[in-house]
Amino acid sequence: MGYAIEVSGLWYKYPTAKDFVLRGVDLRVGLGEFLGILGPTGSGKTTLCMCLNGLIPHYAGGEMIGEVKIFGKSTRAKTIAELSKRVGIVFQDPDSQLITSSVEDEIAFGLRNRGLSEEEVGRVVEECLRRIGISHLRGRAPQTCSGGEKQKIAIAATIAGRPDIIVFDEATSDLDPISVRDVFSLASELHESGKTIIFVTHEVELLAERATKIAILADGRILLEGDPRSVFSRLEELEELGLRLPQVVQLALGIGRMGHAIGRLPITVEEARDLLIELGLGADELRNRG
Amino acid sequence: MSSEIEVEDVWFSYSGDNYVLKGIDLDIEEGEFLAIIGRNGSGKSTLMRLLIGLLKPTKGRVIVRGKDTRSERVSEIAREVGFIFQSPDDQLFCRSVEEEIAFGLRNLGLGDDEIAEIVERTLRDFALQDVRGVYPRFLSRGDKQKVSVAAIAAMDPKILILDEPTTGQDHRDSRAIMELVKGLNERGKTIILVTHDMRNVAAYAERTILLEDGRILADAPTRRLFAKGELLRRCGLAPPQITELARSCASMGIRPDVISVKEMEEELGRVLRIHVPIHREGKVPP
């Protein structure tokens with residue numbers, strides 16, 4: 001399997017800053033991976049995202065050591081415009097991303113810049129509006145939409161460009177819980193259609209269900225990485241960082257500490273329910289019925 | 001106990017025709033810890049602005065500690081209700097943490113000695129002594145939020161309204177803010193928390209108001225409301241994961257209205273007679 005993203009020995013310092021924000025990040029993301037990134041505030045998550053589409057170093061300046069390769073090509077050798085065709089980013093603050101005066105134009109913006117015919121632009125815009133469920137907003141000015149709606153518009157505009165890698169940088173923080181789930185489902189759909197997904201979030205429960213791999217970023221380095229089950233079993237390290245485990249994992253680890261065998265660590269509601277049944281939950285009901 | 005806020009058949013429209021709020025009736029008692037939940041666009045922000053007098057009802061009335069918001073000045077209502085913005089950057093503008101806390105007190109017309117005394121006490125209560133001289137914008141997001149809560153709490157309003165105080169914050173910071181707010185509630189403040197974070201609602205609010213399309217769809221003890229998973233989902237919300245687990249085990253003797261990991265552990269102890277240690281969520285330092 002080829003790598004979609006290869007980050008090697010990456011250090012980065014903002015132009016006026018005293019200290020490096022990224023302090024030796026090494027990370028390989030396979031083609032078609034759904035990577036969740038967790039980390040405390042200030043650990044460098046957003047900075048790392050900006051390195052993926054060339055905003056760092058091309059736009060932000062500063063001092064960058066090491067290398068980021070997207071599909072085998074160094075970001076230093078590519079322009080932001082070239083990189084943005086491969087890597088789409090949805091940021092936490094949609095206001096930083098929305099620039100036009102109608103939702104339709106917002107989604108069409110990148111497409112027109114690439115010289116697509118108006119007919120084709122119209123078709124893609126239509127599809128994106130429908131997919132994100134915001135067809136009713138088409139004529140609205142993005143600035144007059146609610147925080148949640150703006151997030152969805154930014155996501156629609158990002159997927160319109162059909163990037164191979166889609167980065168969600170805390171893109172669900174202004175959304176209500178069902179919309180948060182919708183965005184995770186959408187990311188899963190995109191993942192299933194072959195896209196590589198990078199999802200930065202504090203929503204550990206949803207991430208556990210969707211991600212193929214989780215990386216913990218702390219103090220500018222990757223502290224842990226692996227499949228969700230193995231990462232979430234590292235209770236001490238995660239607690240040390242002030243990170244939260246999914247509630248069903250907290251429960252299972254509590255049961256395990258009492259000497260009950262928990263076998264495979266449950267990371268979803270269904271798995272936790274199965275564990276409780278193994279421990280004897282429902283046995284009385286079965287006996288009574290049987 | 002007496003009513004701190006009375007909302008009587010309040011209707012509100014920005015444009016004159018489309019009503020954003022449609023007949024809200026709400027009585028909030030002194031010392032309550034109340035959460036307001038609802039999907040994006042359900043009317044939460046509008047209701048909040050009516051409670052602090054920034055908006056006036058199109059029909060009906062809002063009485064805050066005996067003061068009708070239609071006739072009182074916003075500054076009068078602000079003495080009674082402190083409002084904490086979602087983004088601390090919208091709230092912080094002074095050159096130091098100390099000045100930030102003193103600012104509101106000066107506006108209240110307090111004397112210099114009294115201001116100095118309250119600033120000292122607030123810095124101590126919120127553990128901000130070490131950053132007293134720091135430019136607030138240079139603080140971490142979590143500390144900025146702490147300063148905005150401190151600056152409002154220093155003015156000693158009887159009621160505090162918090163608009164998504166923990167959005168975008170990591171667990172440690174989110175918990176620290178919520179514990180501060182809990183402390184204020186224990187000291188008698190009435191707390192109104194508007195949020196999408198259902199875990200915080202479950203952990204801190206005794207009563208929860210569910211807004212949907214400008215109406216109050218439910219007004220109930222949080223536990224009872226969270227046991228209604230279908231209703232929540234229909235309104236764009238979802239109960240915490242542990243509640244979902246409890247509900248999925250309800251046919252096996254587990255109470256369906258569990259709202260925390262600790263309660264689930266107690267349920268397992270009761271039903272399975274296995275003993276589980278006190279859960280570790282509490283070990284993350286506040």
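This briefing describes the fold, sheet and surface of chain B. The structure is a predicted model, in which local features need pLDDT of at least 70, side-chain atom pairs count only at pLDDT 80 or more, and totals for chains, interfaces and linings use all residues. Residues are numbered from 1 along each chain as its sequence is written, and side-chain values use heavy atoms, leaving out hydrogens and water.

**Overall form**
- Chain B contains 11 helices and 10 strands; these are DSSP runs numbered from the N terminus, with helices (H or I) of at least four residues and strands (E) of at least two.
- A compact globule of 286 residues would have a radius of gyration near 19 Å, and the 20 Å of chain B agrees with this (taken over C-alpha atoms; the rule is 2.2 Å times the number of residues to the power 0.38).

**An open sheet**
- Four strands of chain B form an open sheet in the order 2-1-4-5, with antiparallel pairing (two strands pair if DSSP finds at least two bridges between them).
- Strand 2 (21-29) and strand 5 (67-68) of chain B stand at the edges with a single partner strand each, so one side of each has no neighbour in the sheet.
- Strand 1 (residues 3-12) of chain B runs antiparallel to strand 2 of chain B and is joined to that strand by 7 bridges.
- B:Val7 lies opposite B:Leu26, which belongs to strand 2 of chain B.

**Burial and contacts**
- Of the 286 residues of chain B, 56% are buried (under 20% relative accessible area, with a 1.4 Å probe and protein chains only).
- Among contacts in chain B with a separation of 6 or more, 61% link residues 24 or more positions apart (contact means heavy atoms within 4.5 Å).

Definitions and conventions
Chains are lettered from A and ligands numbered from 1 in the order in which they are written. Buried means under 20% relative accessible area, exposed over 50%, partly exposed in between (1.4 Å probe, protein chains only).
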